[in-house]
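Colleague: Could you take me through helix packing and salt bridges in a model? Please keep it brisk.

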Amino acid sequence: MVHPVFDTHAFHLYATITIVSALLMLVQNWHAFLRMVISRTGYQDPVDLLPGFLNPDPKLNQMEPGDYVDRARRVAQDNYAVMPVFWVIGFLFVLVHPEDVLSEVTLGGFVAARLTLALATYTKQRLEVRGVLYALSTMILFFMAIYTLFEHLHPEYHA
């Protein structure tokens with residue numbers, strides 16, 4: 001039997017986003033690795049210059065940064081910085097039972113901002129574009145955190 005707290009529209013939406021985002025983060029590491037192996041650039045560890053199956057003819061310039069690989073790494077690193085915060089705040093947010101529309105707008109808006117930010121990074125958009133998308137996703141997190149804190153401290157205002 002599912003506890004009523006976990007049988008809400010908001011929780012199901014949060015759970016779906018959390019599972020998909022965790023899988024996406026795992027895939028992003030593989031994506032950066034594949035870009036490194038295919039382009040033979042962006043290696044980070046000096047031991048990578050030892051001949052082996054994935055690097056049979058190592059060259060010293062493979063240790064130089066490569067935009068093709070680094071762009072994938074930046075997307076992954078940005079998600080590693082923000083997604084755990086979303087997972088915690090999102091979980092606490094759904095526990096205060098936000099209205100369905102509010103959960104759809106906040107959780108959906110966060111996902112849309114993050115996906116658009118990743119796309120903007122991969123397509124080499126200007127800092128201003130990426131900055132607005134990053135700010136939007138984190139402002140949604142701020143709102144969710146403040147809303148959750150208010151609902152927690154003042155449950156009498158919750159309908």
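This is a predicted model: local features need pLDDT of at least 70, side-chain atom pairs count only at pLDDT 80 or more; totals for chains, interfaces and linings use all residues.

Modeller: Residues are numbered from 1 along each chain as its sequence is written, and side-chain values use heavy atoms, leaving out hydrogens and water.

Colleague: At roughly what angle do the axes of α1 and α3 cross?

Modeller: Two packed helices are described by the angle and the distance between their axes. Here α1 (residues 9-39) and α3 (residues 100-122) cross at roughly 10°, their axes coming within 10 Å. Helices are DSSP runs of H or I, at least four residues, numbered from the N terminus. Axes are lines fitted to C-alpha atoms over the stretch in contact, with angles from 0 to 180 degrees between N-to-C directions. The two are therefore roughly parallel (under 35 degrees).

Colleague: Which residues of α1 and α3 make the contact?

Modeller: Contact means heavy atoms within 4.5 Å. H9, A10, L13, Y14, I17, H31 and R35 of α1 meet D100, S103, E104, L107, V111 and Y122 of α3.

Colleague: How many salt bridges does the whole structure have?

Modeller: Side chains of opposite charge can pair when their charged atoms come close. The search finds seven salt bridges (Lys or Arg side-chain nitrogen within 4 Å of an Asp or Glu carboxyl oxygen). One joins D78 and R114, with closest N and O atoms 2.7 Å apart. That pair links α2 to α3, 36 residues apart. R114 is buried at 6% relative accessibility (under 20% relative accessible area, 1.4 Å probe, protein chains only).

Notes. Angles under 35 degrees count as roughly parallel, over 145 as roughly antiparallel, 65 to 115 as roughly perpendicular and the rest as oblique. Buried means under 20% relative accessible area, exposed over 50%, partly exposed in between (1.4 Å probe, protein chains only).
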